[in-house]
Amino acid sequence: MTDTLESIPAATRVGDLQHSSSNTPRPSIAQRRRRKVAKRSLVAYAFLGPGLILYLVFVIRPTIELFGMATFDWNGLSPIREFIGFDNFVKLFGDPLFWRAFVNNLLFLSILVTFNVVVGLVTASALARVRRGRLIFQLIFFLPVVQASIVTALVWRWIYAPDGLANAFLSSIGLDGITRGWLGDPSTALAALALAAAWSGFGLSVVIFMAGIQGIDQSLYDAAKVDGANAFQTFTNVTVPQLRPVITVVLLLEMIGGFQTFDIIWATNRGGPINSTEVLATYMFKRGFTDADFGYGAAIAVAFMVIVLIAAVISIVVRERNDD
Amino acid sequence: MIETTAVKATPAAKTSQQARRRTLGQRFPGLALYAYLSIVAVFAIAPLILAWSTAFKTRPQVVENPYGLPIPPTLDNLIEAWTTGRFSVYFISSLVIALASVLGMIVLASLAGYGLARMKFWGRRFVIVLLLLGLTIPVTAIILPLYTLMRDLGLLNTYASVVITQVAVGLPFFAFLMRAFFLRLPNALEDAARMDGASELRIYWSVMLPLVRPGILTVALLQFLWSWNNLLLPLVFLTGESVRTLPIGMLLLSGRFTTDYGLLSAAVIILTFPVIVLFLFFQRNFVAGLASGAVKD
């Protein structure tokens, strides 16, 4: 404190600069400014440096390396790897299992997105209309969101088991005919897992939609009331059109998340039965690690990354446009 | 409007039906809404209650009374999972990794966020675009080169491999989050401290950082949640018995004892308990943080 008191008159910025540039009698304004910016840049990079270095080494570098890896025939271990150019990609486009995984991935995320947007939207607007218990409902809806994916996977595997809760519930309402081992049946396994994934994520979309609904101009609802609109008409004519930007954002976020699905499938069916739950991430993991075919696994990962990147760029553009 | 529709749709039955519906709605306002919300709430919480109650049941109880309450409750499953199931070891691993990951992220993300928010520097735009790119790179897609990188660095089967990757992958998101918090602070504070001759580091540490405590709390909670629940990175990097985390322990347990629901449920409780306690205390921070754009994975 004492030395700051003494230094106040001397340590103005101009004084500092003159001191540091004593060899040149009168630096031009441009020079001075440039030097100041250089010094500031140095300080800024000192702050950003540690994180940025970690990020460059452990995210950007592997990303670049992935594209290189995809041009080799390599088991991941041996010091010799054979350069094969685009052969892995040629093989990829002719690989029926890759396309199966891609289509499964699309089906999985369509179910996930539809459920979370529709149920999320309806639930959020119902929640916005009630006075009491809003917080407790929101707490309950959000509990699955903070669960580990492995918990979601195991609890739902148990629910879907032949002697599980799903069949017990269906029997109790007289639907004995459709009971089955839901994850063992190739025709239902993918949809069943998508519903489990939706369970773990819909609470988040409810919260995002709630925030959107609270931002809607109340006078629109008052006008709808004056016009004699019922709850359903108000929902379709006021809430949904007003929330269109929010719906787009949730849709894209869920899509990006849905494309990256790995945990819940790996912890339950691992792609089976007969490839019915194979998605891009599990297929890449199997070919890369399980079959030790790093080149081909990398090619799948490149395709996978390009798809996610496109969806992500669209979502960023849409969000930027919404903010304006 | 009302008159014309009434004239057009004259059937008496229909109007009386409408009247009845209206009176029911008037007598119990919001009844349908509460009914719907309750159904959704049951869907959300029933699977969790099923797991939590089954953890306290003996094997015969699970078979005879799969969906009832555990009466009398037993702690056998929890004890078995904790001791012979080695979940005490997995718990420590998970805790060490999560705490290191949180600490690393708080330090690096707040430094980076501060630099991005309050400093002008060469290449600023480039750095921002580079970090934005990181928001879109899925960690699943780069897991193969990450594995070979960790192997070449000799970091496989060390906590460091998982901690470093978790911090590096989450850095863009949390740096932008901290940036938003730092942007809200007034310039006057910074200028005053600079006039007093404080160094940049001192301004950051003593003046600005204490003012973004809510941001740091959000970073800590979300990074803890993500690290604690993370399956993929420990699955790939940690293959040794002694460094396994809880999700991996649970994955192995579920493969070995597919139908021992009591034991599996006990594992669910051990894994979810810390997260649920944190969530109940900091509900608002979790909800706001996750809704701000993080994609759950």
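**View 1. Helix 10 of chain A and the glycine that follows.** A:Gly228, with a positive phi near 80 degrees, follows helix 10 of chain A. Helices here are DSSP runs of H or I with at least four residues, numbered from the N terminus. Helix 10 spans residues 218-226 and is hardly covered, the count of buried residues among its nine residues being zero. A residue is called buried if 20 or more other C-beta atoms lie within 10 Å of its own, exposed if 12 or fewer do, and partly exposed in between, with C-beta atoms placed from the backbone. The model is predicted: local features need pLDDT of at least 70 and side-chain atom pairs count only at pLDDT 80 or more, while totals for chains, interfaces and linings use all residues. Residues are numbered from 1 along each chain as its sequence is written, and chains are lettered from A and ligands numbered from 1 in the order in which they are written.

View 2. A:Ile274 has a phi near 35 degrees, a positive value in a residue other than glycine. Because 10 C-beta neighbours lie inside 10 Å, A:Ile274 counts as exposed. A:Ser276, by contrast, counts as buried because it has 20 C-beta neighbours inside 10 Å. Leaving aside neighbours within four places in sequence, A:Ser276 is in contact with A:Pro186, A:Ala189 and A:Leu190; two residues are in contact if their C-beta atoms, placed from the backbone, lie within 7 Å. A:Ser276 and A:Arg81 are 195 residues apart along the chain, and 33 Å separates their C-alpha atoms.

**View 3. A:Ala292 between helix 14 and helix 15 of chain A.** The loop between helix 14 and helix 15 (294-323) contains A:Ala292. Phi of A:Ala292 is near 50 degrees, again positive in a residue other than glycine. With 13 C-beta neighbours inside 10 Å, A:Ala292 counts as partly exposed.

View 4. Nonpolar means Ala, Val, Leu, Ile, Met, Phe, Trp, Tyr, Cys and Pro; charged means Asp, Glu, Lys and Arg; the others, Gly among them, are polar.

**View 5. The contact between chain A and chain B.** Chain A contributes 75 residues and chain B 71 residues. On the side of chain A that touches chain B, helix 3 (residues 29-69) of chain A gives the most, with 20 residues. That side of chain A comprises 56 nonpolar, 15 polar and four charged residues.

**View 6. A:Leu154 in the largest nonpolar core.** A:Leu154 is among the residues that touch the most other members of this core of 173 residues, along with others including A:Phe304 and B:Ala267. A nonpolar core is a set of buried Ala, Val, Leu, Ile, Met, Phe, Trp, Tyr and Cys residues joined through C-beta atoms within 7 Å. Leaving aside neighbours within four places in sequence, A:Leu154 is in contact with A:Ala267, B:Met250, B:Ser254, B:Leu264 and B:Val268.

Key. Helix = DSSP H or I, 4+ residues; strand = E, 2+ residues; numbered from the N terminus.
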